[in-house]
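Have a look at the model before reading on.

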Amino acid sequence: MTDMFKVKRQEEVLRLFFQNGHKGAKKIQCPEKKTAMKRDCLTISTEAMEIQKTAKVYRQSENIKFDQTVDIQSYFNKAIETNQKTLENAGDEITRSGQKCPYVSSGEVCYQILMDKYSKLVEEAKQHDDPELYIERKYYDPTCPWFTSDLTREERSIGYRNEISMLKRGKVTGANMLDSVFRVNNVTLNYEEINASEISFYRQLCNAQLHNIFSKNELAIEESTPYTFQVDPYSYYIFVDCEHADRKEKMELVLNQGENGKHLWEQIKWFSERDGAHGVQVSNQLSNHKVLAYREVYRYTGYRLNELKEENGTYYTEDGTDIKVLIREGVWMDPIFPYEAKEDYANAVCSWIQEVAERGWKNVPDMVLSIGYSSAGLHDLNQDISFDYGSEWYKQFLDNYQYSVLATY
């Protein structure tokens, strides 16, 4: 790579030159005298004089040319179409699987914009004998004719990393919102809008799936009838609380199919943990550790923790084996975890087991999660924010959303 010290020195000289040459001040008119007169002036180095010459031939960079012609709205419109199609084909089971129910976020849209931008720029770079050197000079050599003088220093740094990454690995380094394409097109996305958009999508998705389940089974939901769904954290059985016993039985029958209970429990927990929700149902850390201990013991050993012998701060199988021993063996054989993380995770699971065992299984509250339901959809309980579809909470963040990935909210 070009000597970065030299590059920085060139940039400083160029900046100093332009600052002094474009201040808008009137030029000093020298008196007409036959004799030469001395004047104070900045001594321009040979290097700076060379920069001065090449600066005159700078054109608009390829980066800015793309930025000015890209149709930003079309990318977001495509995301809206994809997300809307997902909601229309939500299916008749509760799930938020990325394969079955893909969600295109604002971040993914911005990433695609950058992928297209730098794919095009790399095509230009490949027309040169040494594409890597061409890219390097483009962003860091103010003396070359194709230097990106119309980018800020930070934009040049981001542009260089993305273009080199695209050249060598076929992808950009990430959806950095400080790229020039977003400045030129005045695209600003804030966390609250992105967060509200994601929550709105998954609430609409879950509502659509519940509606399809009941419609498929010819169960009409009356407008005036409220329901409450309660999900056990171990069996994932969905209990329905309502006024009519026969309706309760029918609803439980159709809801407790496949993995609906597991996914509904996970959905309720996810909504309860969103920023500002302060869900009381998920606030007990010990209850959460109890669920995690049960889940991981079952996953790695096939045993149900509450059915084992509780003694000496742990649990034992029928043959007297400490469940912690089996957990360590299971984690070390797990191909998902990288080698360096196995010991830490095994220790974490064992600590959850010990927490529950020392207090006693029955003395630790179970994280049974509840959520309200009506013909209007789901309604969160026991938390500061209810993410009801179309609520005022959504509107305060999404009504003036510049670029949306949702058709409705």
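**Helix packing and a loop aspartate**

Q: Where does Asp 141 sit in this predicted model?
A: Start with the helices on either side: H6 covers 131-140 and H7 covers 153-169. Asp 141 lies in the loop between H6 and H7.

Q: Is Asp 141 buried or exposed?
A: Its relative accessible area comes out at 10%. The cut-off for buried is under 20%, so Asp 141 counts as buried.

Q: Which residue's side chain makes a polar contact with the side chain of Asp 141?
A: Look for a side-chain pair at 2.5 Å. The partner of Asp 141 there is Thr 143.

Q: How are H6 and H7 oriented, roughly parallel or roughly antiparallel?
A: Their axes are 9 Å apart and the packing angle is about 170°. Angles over 145 degrees count as roughly antiparallel, so that makes H6, relative to H7, roughly antiparallel.

Q: How many charged residues are in the contact of H6 with H7?
A: On the H6 side you'll find Glu 132, Glu 136 and Lys 138, among others, while H7 brings in residues including Arg 156, Glu 163 and Lys 168. By class, the contact has 7 nonpolar and 2 polar residues, and the charged ones number 6.

Q: What is the orientation of H12 to H14?
A: H12 (residues 285-301) and H14 (residues 339-359) have axes that come within 9 Å and cross at roughly 120°. The perpendicular class runs from 65 to 115 degrees and the antiparallel one starts over 145, so H12 is, to H14, oblique.

Q: What is the handedness of the crossing where H12 passes H14?
A: The contact involves Leu 286 and Tyr 300 of H12, and Trp 352 and Arg 359 of H14, among others. As H12 passes H14, the crossing is left-handed.

Methods:
Residues are numbered from 1 along each chain as its sequence is written. This is a predicted model: local features need pLDDT of at least 70, side-chain atom pairs count only at pLDDT 80 or more; totals for chains, interfaces and linings use all residues. Side-chain values use heavy atoms; hydrogens and water are left out. Axes are lines fitted to C-alpha atoms, for helices over the stretch in contact, and angles run from 0 to 180 degrees between N-to-C directions. Helices (H or I, at least four residues) and strands (E, at least two) are DSSP runs, numbered from the N terminus. Angles under 35 degrees count as roughly parallel, over 145 as roughly antiparallel, 65 to 115 as roughly perpendicular and the rest as oblique. A crossing is left-handed if the near helix is turned anticlockwise from the far one by less than a right angle, and right-handed if clockwise. Contact means heavy atoms within 4.5 Å. Buried means under 20% relative accessible area, exposed over 50%, partly exposed in between (1.4 Å probe, protein chains only). A polar contact is a pair of N or O atoms within 3.5 Å; within protein, one must be able to donate a hydrogen and the other to accept it, and residues adjacent in sequence count only if both atoms are side-chain atoms. Ala, Val, Leu, Ile, Met, Phe, Trp, Tyr, Cys and Pro count as nonpolar, Asp, Glu, Lys and Arg as charged, and the others, Gly among them, as polar.
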